[in-house]
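Please look through the sequence and the model shown here, and then follow the description below alongside them.

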Amino acid sequence: MIRKVMAEVDVKLGIRQTLQKIEETYNKRLALSNAPKPLLIAVSKTKPVDLILDAYSVGQRDFGENYVQELVEKANDARILEHCQDIRWHFIGHLQSNKINKVINLPNLHMIQTVHSIKLAEGLNKAWEKVKAENAEKKQQLNVLVQINTSGEDEKNGVQPEDAVGLFRYVLDKCPNLNCEGVMTIGRFGHDYTTGPNPDFGTLMKCQQDICSTFERDPAELQVSMGMSDDFVQAVRNDYDCSCLREEKPYLWYIVVALCIGEVGRLIPFLSTSLLQIEAGSTIVRVGSSIFGARAKKPTDA
């Protein structure tokens, strides 16, 4: 079965094509954007180790997994440990408190992208403190993102947008073993882009703006993880703000109009961080099926 899957999927081509799309879309962002080029997370859930080895062989280093047991098996796989020594694992699924220790003790764990509550943040902070005490090689903070439920769907995890600043503050103030690098969302599936930009992306960018404003952070330094196989191009481009700018911040709207007609010189004194955020967009995209092909059903042991 694995050989059949590998024969049908050209992972190396998928990586190259995805990176090319990211590059092209990133270059189309407004010249004012100072956001970094998005990092590609290759989502390898339900996929065999052989495909991960293929992706790694062409330079891909960051991989995402949704299920605890599957990540445990892959991170400890003998072939990955031997041939993928620089791999960086990102956990991007729902993490229950009783499974924290299974994840944080894994080799090459780079980030937990789904911190959705104070309880989980507390658990990770305490567990990582113990890991650091027992492992001299792990002296750095554990990288995490705050997960935000931008779509309001009951089946999606994450704090409500209005609570994003509060959870971010809690991690900063109460969790010295965690390095909160930014925000993450999954969002509603199947948005019709003929009707306009994805409102979930807009909501996440608004949360990023609120956090940056509250804690005086440079938006270019706060990670925004959004966009998957079906919509990562739109997540990278993300021009959501222009549709509502006229009503919410009319002075910025006129700046945008002036920029469009070439009157940049007159506006230099008025340019601000808020304007730079208009096309900030995603800094992390999580792409699976475009690289590894359609995935199998969810494992029974998640």
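The model is a predicted one, and its chain comprises 14 helices and eight strands. When contacts between residues at least 6 apart in sequence are considered, 70% of them join residues at least 24 apart.

Helix packing can be followed through helix H8, which spans residues 164-174 and packs against helix H9, residues 199-215. Two packed helices are described by the angle between their axes and the distance between the axes. On the H8 side the contact involves Ala164, Val165, Phe168, Arg169 and Leu172, which meet Cys207, Asp210, Ile211, Thr214 and Phe215 of H9. Sorted by class, this contact of H8 with H9 holds seven nonpolar residues, one polar residue and two charged residues.

Helix H8 also packs with helix H7, residues 118-134, here at an angle of about 25 degrees and with the axes 10 Å apart. An angle under 35 degrees counts as roughly parallel, and H7 is therefore roughly parallel to H8. The crossing of H7 and H8 is right-handed. Ile118, Ala121, Glu122 and Asn125 of H7 make this contact together with Leu167, Tyr170, Val171 and Lys174 of H8, and the residues concerned divide into five nonpolar, one polar and two charged.

The last stop is a residue outside the helices and strands: is Asn66, in its loop, buried or exposed? Asn66 sits in the loop between strand S2 (62-65) and helix H4 (68-75). Its relative accessible area is 17%, and because the cut-off for a buried residue is under 20%, Asn66 counts as buried. Leaving aside residues up to four places away in sequence, Asn66 touches Val43, Lys45, Phe91, Ile92, Gly93 and His94. Asn66 and Thr114, although 48 residues apart in sequence, have C-alpha atoms 9.9 Å apart in space.

Note on methods
Residues numbered from 1 in each chain as written. Predicted model: local features only at pLDDT ≥ 70, side-chain atom pairs only at ≥ 80, totals over all residues. Heavy atoms only, no water. Axes fitted to C-alpha atoms, helices over the stretch in contact; angles between N-to-C directions. Helix = DSSP H or I, 4+ residues; strand = E, 2+ residues; numbered from the N terminus. Contact = heavy atoms within 4.5 Å. Nonpolar A, V, L, I, M, F, W, Y, C, P; charged D, E, K, R; others polar. Buried < 20%, exposed > 50% of the residue type's maximum accessible area, 1.4 Å probe, protein only. Parallel < 35°, antiparallel > 145°, perpendicular 65-115°, else oblique. Left-handed = near helix turned anticlockwise from the far one by under 90°.
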